[in-house]
Every structure is written in C-alpha cells, then in structure tokens.
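Biologist: I would like to learn how to read a structure like this one. Please show it to me first.

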Amino acid sequence: VQLQASGGGLVQAGASLRLSCAAPGRTFSGYATGWFRQALGKEREFVAAITWSGISTLYAPSVKGRFTISRDNAKNTGYLQMNSLKPEDTAVYYCAAGPQYTIQREGYNYWGQGTLVTVSS
C-alpha cells in the first residue's frame, strides 16, 4: 500500500472530522494530492485536490466552503478537514497522489485503501 488514509468514523450531522493521508517511507515529490469518495452504490467522485506546493486547491461544489485540503510535505502527509458534515457526505474516502493536478481519477496513480466516514442525521 503506497498511501494510508485514516481519521474516518461515525459522527452526527454538523460535526467535524479530519482525515489524514500518510505516505510512510516515500516522498511523492512534485505530486498533487487528491481526495475522492465513494458512497454505497455510487461511483467514486472527486472531493478536493491540492498541488505539491500547496498554493492551489480545487473543490467539488458540494464540499466547497465546508472542507479544506492541506498538506505537510515535511511529514509526507495530506489532510482533509471536514466541517459541517452532512448525511450525504457518508462515503468511503480515498486519498490519492499523482503527477496531475486534476479532478479526474485518471490523473492519480497512487491510492490509499480508504477510510469510512458515516454521518448520522
């Protein structure tokens, strides 16, 4: 496994969670980091992306203003801060790394195993 996602859990609507994406023993120098999610019975969808420098970010309209993506290159770790969670945010969240800063899954060639986020109403 190249990436390790963690931080998921069961929370109530309105709560916050912070997901982490670690790359132990490896540096994805120059790579963008992305977060995707897949709800039960649905396709995997883009959530957020950040460039290697951290200067530029992209967000899906459904999470913009509530989620914040960040990274700490010194720790080889990326983060997804999720605030004001809604039941529709319930999904398995995946982190990914790749040479393209994009909302497309195909731009990422390293993936984590996913972490489950469940938001109750």
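This is a predicted model: local features need pLDDT of at least 70, side-chain atom pairs count only at pLDDT 80 or more; totals for chains, interfaces and linings use all residues.

Biologist: Which residues have the most contacts inside the largest nonpolar core?

Modeller: In soluble globular proteins, nonpolar side chains tend to be buried together. A nonpolar core is a set of buried Ala, Val, Leu, Ile, Met, Phe, Trp, Tyr and Cys residues joined through side-chain atoms within 4.5 Å. Buried means under 20% relative accessible area, exposed over 50%, and partly exposed in between, using a 1.4 Å probe and protein chains only. Here the largest core has 32 residues, and those with the most contacts inside it are Leu3, Trp35, Val47, Phe67, Leu80, Met82 and Tyr93. At least two residues of this core come from each of β3 (17-22), β4 (32-38), β5 (45-50), β7 (67-72), β8 (77-82), β9 (91-98) and β11 (115-120). Strands (E, at least two residues) are DSSP runs, numbered from the N terminus.

Biologist: What does phenylalanine 67 touch?

Modeller: Contact means heavy atoms within 4.5 Å. Not counting residues up to four places away in sequence, phenylalanine 67 touches Arg37, Val47, Tyr59, Leu80, Gln81, Met82, Asn83, Leu85, Asp89 and Tyr93.

Biologist: How many disulfides does the structure hold?

Modeller: A disulfide is a covalent bond between the sulfur atoms of two cysteines. The cut-off used is a pair of cysteine sulfur atoms within 2.5 Å. The structure holds one. Its partners are cysteine 21 and cysteine 95, with sulfur atoms 2.1 Å apart. The pair links distant parts of the chain, 74 residues apart, with cysteine 21 in strand β3 and cysteine 95 in strand β9. The link is right-handed, with 70° about the S-S bond.

Biologist: Why does cysteine 21 count as buried?

Modeller: Cysteine 21 counts as buried because its relative accessibility is 5%. Cysteine 95 is buried too, with a relative accessible area of 0%.

Biologist: Which residues are linked in a network of salt bridges?

Modeller: Side chains of opposite charge can pair when their charged atoms come close. A salt bridge is a side-chain nitrogen of Lys or Arg within 4 Å of a carboxyl oxygen of Asp or Glu. The network links Arg37, Glu45, Arg66 and Asp89. Arginine 37 meets glutamate 45 at 2.6 Å, N to O, and arginine 37 also meets aspartate 89 at 2.9 Å. Aspartate 89 in turn forms a salt bridge with arginine 66, the closest N and O atoms being 2.7 Å apart.

Biologist: Is glutamate 45 buried or partly exposed?

Modeller: Glutamate 45 is partly exposed, at 37% relative accessibility. Arginine 37 is buried at 5%, aspartate 89 is buried at 1% and arginine 66 is buried at 11%.

Biologist: Where are glycine 9 and threonine 102 found?

Modeller: Glycine 9 is in strand β2 (residues 9-12) and is partly exposed, with a relative accessible area of 23%. Threonine 102 is in the loop between β9 and β10 (110-111) and is buried, at 12%. Leaving aside neighbours within four places in sequence, threonine 102 is in contact with Phe46, Ala49, Gly107 and Tyr108.

Note on methods
Residues are numbered from 1 along each chain as its sequence is written. Side-chain values use heavy atoms; hydrogens and water are left out. Helices (H or I, at least four residues) and strands (E, at least two) are DSSP runs, numbered from the N terminus.
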